Amino acid sequence: MQTPLGLIARLPIRTGRLTLQPLGDEHLPALAALLADPVVMRYFPRPMTLPESSIWLQRNLERYRHDGSGLFAVVRQDADGARLIGDCGLVVRSFGGRTRVELGYHFARDVWGQGLATEAARACVALAFEASDVPAVVALIRPENRPSQGVARRAGLQPRGAVLHIGLVHDVWHITREAFAQLALQ
Ligand SMILES: CC(C)(COP(=O)(O)OP(=O)(O)OC[C@H]1O[C@@H](n2cnc3c(N)ncnc32)[C@H](O)[C@@H]1OP(=O)(O)O)[C@@H](O)C(=O)NCCC(=O)NCCS
């Protein structure tokens with residue numbers, strides 16, 4: 001796998017209802033509100049404070065520069081204009097002695113239940129395989145996080161093993177380039 005992945009240069013991406021674009025400093029207020037919500041952060045160690053969200057955002061901007069990828073802004077056009085409703089993207093991460101590309105996402109609670117996370121996740125999986133040479137995309141998901149498992153499954157990933165990540169057991173969900181090609185043929 002060649003890094004930097006060069007995926008950030010492919011943005012923006014438009015899906016049926018969403019635009020995926022690079023995160024920027026202008027997204028901090030909406031992002032911080034999302035990451036401070038205890039329900040959104042139920043499967044993470046704890047909700048984030050504003051300074052922690054700011055560090056999280058800066059770390060993502062650093063990922064763009066270093067890895068050519070990271071978590072992206074998911075923006076939806078609504079009556080009041082463009083609104084950041086979540087983040088979704090592809091993070092280069094080392095675990096289990098290997099470097100992998102991890103699909104990740106968080107969405108605001110008021111937009112759950114509409115298939116928007118699945119729409120963004122599918123776009124990211126397609127981007128990974130169509131615009132880079134990554135052999136596989138993985139997602140690390142807590143065994144209790146059923147909504148996230150649903151998103152991963154609908155994006156074509158399957159469970160395969162488990163790892164300890166941020167001190168918590170996570171199932172590893174997985175889709176290979178070959179499996180993605182098979183899905184695309186169906
Ligand atoms: C994980 C998360 C993004 C899932 O959000 P979600 O809205 O449930 O996911 P989807 O966008 O796939 O929507 C699926 C739901 O929309 C419904 N839906 C409605 N229209 C749909 C459409 N066009 N396409 C697909 N599903 C649709 C589905 O039936 C499903 O409903 P259900 O929850 O009653 O079964 C959300 O729970 C979240 O942000 N969680 C907190 C952060 C988190 O845990 N992130 C993952 C860490 S691994």
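In what order do the eight strands of the open sheet stand, and with what pairing? In this predicted model, the order is β1-β2-β3-β4-β5-β6-β8-β7, and the pairing is mixed; two strands are taken to pair if DSSP finds at least two bridges between them. The model is a prediction, in which local features need pLDDT of at least 70 and side-chain atom pairs count only at pLDDT 80 or more, while totals for chains, interfaces and linings use all residues. Residues are numbered from 1 along each chain, as its sequence is written.

The protein contains five helices and eight strands, where helices (H or I, at least four residues) and strands (E, at least two) are DSSP runs numbered from the N terminus. Along the sequence these elements follow the pattern β-β-α-α-β-β-β-α-β-α-β-β-α. The radius of gyration, taken over C-alpha atoms, is 15 Å, close to the 16 Å that the globule rule (2.2 Å times the number of residues to the power 0.38) gives for 186 residues, so the protein is as compact as a globular protein of that length. Along the principal axes, the C-alpha atoms fill a box of roughly 40 × 35 × 35 Å.

Within the sheet, β1 (13-14) and β7 (158-165) stand at the edges, and because each has a single partner strand, one side of each is left without a neighbour in the sheet. Strand β7 is joined by six bridges to β8 (residues 168-176), the two running antiparallel, and H165 has L168 of β8 as its bridge partner. Helix α5 (residues 177-185) packs on the sheet, where it touches β6 (136-141) and β8, and its direction makes about 60° with that of β8; contact here requires C-beta atoms, placed from the backbone, to lie within 7 Å, and the angle, on a scale from 0 to 180 degrees, is that between N-to-C directions of axes fitted to C-alpha atoms, for helices over the stretch in contact.

Strand β4 (residues 81-95) pairs with β5 in the antiparallel sense over 10 bridges, with S94 opposite T99 in β5. The hairpin of these strands has two residues between them, and G96 there takes a positive phi near 60°. The pairing of β5 with β6, by contrast, is parallel and extends over two bridges, V101 having V137 in β6 as its bridge partner. Together, β5, α3 and β6 make a right-handed β-α-β unit, a term that applies if, with the strands pointing away from the viewer, the path from the first strand over the helix to the second runs clockwise.

Around the ligand lie 19 residues, of which W112, G115, A117, T118 and P147 come nearest; a residue is near a molecule if its C-beta atom, placed from the backbone, lies within 6 Å of it. The elements that give two or more residues to this shell are β5 (98-107), α3 (116-131) and α4 (146-154), and the largest share, five residues, comes from α4. By class, the shell has 10 nonpolar, eight polar and one charged residues, with Ala, Val, Leu, Ile, Met, Phe, Trp, Tyr, Cys and Pro counted as nonpolar, Asp, Glu, Lys and Arg as charged, and the others, Gly among them, as polar.

Backbone geometry also deserves a note. Most residues other than glycine have a negative phi, and most peptide bonds are trans. I166, in the loop between β7 and β8, has a positive phi of about 45° although it is not a glycine.

Technical notes:
Contact = placed C-beta atoms within 7 Å.
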